[in-house]
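Hi,

Here is the structure I promised to pass on. Have a look, and then read on for what turned up in it.

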Amino acid sequence: MSTAKKLKAAAVPAGSGLEARVVASDHAALKLWLRLLSSTREIEGEIRKRLREQHGVSLARFDYLAQLHRRPEGLRMRELSKALMVTGGNVTGLTDELEREGLVTRLADAADRRVWVVRLTPEGQRSFEAMAAEHEGWIVELFAGLSVPELKQMYGLLGSLRQHLQDNDSVE
């Protein structure tokens, strides 16, 4: 990234979203937190918009399908709820919709017939994989303003932050 681009990136306009709250005397950690939050919200907003416009799905639905894609053996409804950090009622509603559309199947757990296990159907697998390929391209596009070494550096630094938070029991 050129020096001019770096200066432009560092000098986000003061009236720009969450960073509008920052003043020169604020702690560097606060400034970083607000920049991370602002960036995350902007990226998430763009991904939500593209998923809705190009695939007619919400980010919640995409995330639901992604969880099942990672676990071809399926997930219990409770595990799915925990992975998505939503209530059981939300998972049940999404499961009902996706089952009607033929994207997931719900089977009784062999070990406990009171428990449901949800899996992607072959159609659900194909549908998700098409969306996921596009999603990856969008992410690459949105991060194109950073060089590969900058991406790796940010990834490493954020990993260090996560480790610090976990070491201090600040994160579950």
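Which residue forms a salt bridge with aspartate 109? Keep in mind that this is a predicted model. The partner is arginine 76, with the closest N and O atoms 2.8 Å apart. Aspartate 109 sits in the loop between strands S2 (104–108) and S3 (116–120), while arginine 76 belongs to strand S1 (residues 75–76), so the pair ties together parts that are 33 residues apart in sequence. Aspartate 109 counts as buried, at 10% relative accessibility, whereas arginine 76 is partly exposed at 33%.

That pair is one of twelve salt bridges in the structure. Another links arginine 50 to glutamate 46, at 2.7 Å from N to O. These two are four residues apart in helix H2 (residues 28–55), so about one helical turn separates them. Arginine 50 is buried, with 11% relative accessibility, and glutamate 46 is partly exposed, with 22%. In helix H6 (residues 122–142), glutamate 123 and arginine 126 are three residues apart, again about one helical turn, and their side chains meet in a salt bridge at 3.1 Å, N to O. Shared partners also join Glu46, Lys49, Arg50 and Glu141 into one salt-bridge network.

On the helix packing: H3 (residues 59–70) and H4 (residues 77–84) pack at about 120°, their axes 10 Å apart, and are therefore oblique to each other. The crossing is right-handed. Asp63, Tyr64, Gln67 and Leu68 of H3 make the contact with Leu80, Ala83 and Leu84 of H4. By class, that contact has five nonpolar residues, one polar and one charged.

Cheers

Technical notes
Residues numbered from 1 in each chain as written. Predicted model: local features only at pLDDT ≥ 70, side-chain atom pairs only at ≥ 80, totals over all residues. Heavy atoms only, no water. Axes fitted to C-alpha atoms, helices over the stretch in contact; angles between N-to-C directions. Parallel < 35°, antiparallel > 145°, perpendicular 65-115°, else oblique. Left-handed = near helix turned anticlockwise from the far one by under 90°. Contact = heavy atoms within 4.5 Å. Nonpolar A, V, L, I, M, F, W, Y, C, P; charged D, E, K, R; others polar. Salt bridge = Lys/Arg side-chain N within 4 Å of Asp/Glu carboxyl O. Buried < 20%, exposed > 50% of the residue type's maximum accessible area, 1.4 Å probe, protein only.
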